[in-house]
Amino acid sequence: MLRVPAAFEPPGKPPRPRDRFALRFWSIRHAGGLARFYAAFERALVAAAPLAAKLGWTRLERPVAAVERTVKGALFDCRMCGQCVLSSTGMSCPMNCPKNLRNGPCGGVRGDGNCEVYPEMPCVWVKAWEGSRLMAEGDRIGDVQPPIDHRLKGRSSWLAVAQEKSGTGGAA
C-alpha cells in the first residue's frame, strides 16, 4: 500500500498501533482537568509576557518551542502546528488526522469510530467529541477554525498566545 504522509506527519512514520495511544487517550479522558490547568497556565503566560517581551520573543522561541514540543508531544501527540486548538477540540490534536482536518471529521469515519485512512487508529474527531463533553467550554468544538498557516509549523503556540492576549508583541 502506498502511504503518503500528511503535512504535519513525520515522513515515513506510520500511525501508532492502537495499543500505543495510551497517553493521548488519557489526555482526552481527563480533558476537563487539563482545560482547567491550561487556563491557569495561560494566565501565567500572559502575566509573564512583559518579562518575555524584555528578553525578546525571538530569543525565547527556540527554547520555549522545545519544551512545548516535549510536553505536548507526550500528552497529545502534538505536531507543533503553531496554532494550537486543543482547548477547543477536547484535548485531541486535530493535526493527528491523516487528512489534517481542523473542523470535524471527514465522511469516512468507520462504524467502530476508527479512521477511514488508518483503520487501526481511532478517529481523532470521535475522540475530540468525547473529550469536549468533559470540558466546561466543550461547545467550542463547534467553533470554525481558520485554515492552517504552514509558515507557523514548529513555532510555539504558547508564545503566540502570550503575545496576543497581553498585547506585548506581534505574532510569535
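A: Below we go through the helices, their packing and a few loop residues.

Q: What kind of model is this, and how are residues numbered?
A: This is a predicted model: local features need pLDDT of at least 70, side-chain atom pairs count only at pLDDT 80 or more, and totals for chains, interfaces and linings use all residues. Residues are numbered from 1 along each chain as its sequence is written, and side-chain values use heavy atoms, with hydrogens and water left out.

Q: OK. How many helices and strands does the chain have?
A: Five helices and zero strands. Helices (H or I, at least four residues) and strands (E, at least two) are DSSP runs, numbered from the N terminus. The order from the N terminus is α-α-α-α-α.

Q: What share of the chain is buried?
A: Buried residues are 44% of the 172 residues. Buried means under 20% relative accessible area, exposed over 50%, and partly exposed in between (1.4 Å probe, protein chains only).

Q: And what share of the contacts join residues at least 24 apart?
A: Take contacts between residues at least 6 apart in sequence: 65% of them join residues at least 24 apart. Contact means heavy atoms within 4.5 Å.

Q: Let's look at α3. Where is its kink?
A: The kink in α3 is centred on Pro-63 and comes to about 30°. The bend at a residue is the angle between axes fitted to the seven residues ending there and the seven starting there.

Q: What does α3 span between its end C-alpha atoms?
A: Only 25 Å, while a straight helix of 20 residues would span 28 Å at 1.5 Å a residue. The expected span is 1.5 Å times one less than the number of residues.

Q: Which residues of α3 are buried?
A: Trp-57, Leu-60, Glu-61, Ala-65, Glu-68, Lys-72, Gly-73 and Phe-76. They pack against α1, α2 (31–55) and α5 (157–166).

Q: At what angle do α1 and α3 cross?
A: Roughly 85°, and the axes come within 6 Å. Here α1 is residues 22–29 and α3 is residues 57–76. That makes α1 roughly perpendicular to α3. Angles under 35 degrees count as roughly parallel, over 145 as roughly antiparallel, 65 to 115 as roughly perpendicular and the rest as oblique. Axes are lines fitted to C-alpha atoms, for helices over the stretch in contact, and angles run from 0 to 180 degrees between N-to-C directions.

Q: Which residues make that contact between α1 and α3?
A: From α1, Leu-23, Arg-24, Trp-26 and Ser-27. From α3, Ala-74, Leu-75 and Phe-76.

Q: What classes are the residues in the contact of α1 with α3?
A: Five nonpolar, one polar and one charged. Ala, Val, Leu, Ile, Met, Phe, Trp, Tyr, Cys and Pro count as nonpolar, Asp, Glu, Lys and Arg as charged, and the others, Gly among them, as polar.

Q: Switching to α2. Where is the kink there?
A: At Ala-49, shortly before the proline Pro-50, and it is about 50°. Just after α2, Gly-56 takes a positive phi of about 110°.

Q: Which helices do the buried residues of α2 pack against?
A: They pack against α1, α3, α4 and α5. Among those buried residues are Glu-42, Leu-45, Ala-49 and Ala-52.

Q: Tell me about Ala-52. Buried or exposed?
A: Ala-52 is buried, at a relative accessible area of 11%. Leaving aside neighbours within four places in sequence, Ala-52 is in contact with Trp-57 and Leu-60. The C-alpha atoms of Ala-52 and Gln-163 are separated by 9.0 Å, though 111 residues apart along the chain.

Q: What follows α3?
A: Asp-77, with a positive phi near 55°. Asp-77 is not a glycine. Most residues other than glycine have a negative phi.

Q: Where does Asp-77 sit?
A: In the loop between α3 and α4. Asp-77 is buried, with a relative accessible area of 7%. Asp-77 and Met-95 are 9.0 Å apart, C-alpha to C-alpha, and 18 residues apart in sequence.

Q: And Met-80, what is its phi?
A: Met-80 has a positive phi near 55°. Met-80 is in the loop between α3 and α4, and is buried at 5% relative accessible area.

Q: Last one: what does Ser-88 touch?
A: Arg-140, Ile-141 and Gln-145, not counting residues up to four places away in sequence. Ser-88 lies in the loop between α3 and α4 (124–132). Ser-88 is buried, with a relative accessible area of 6%.
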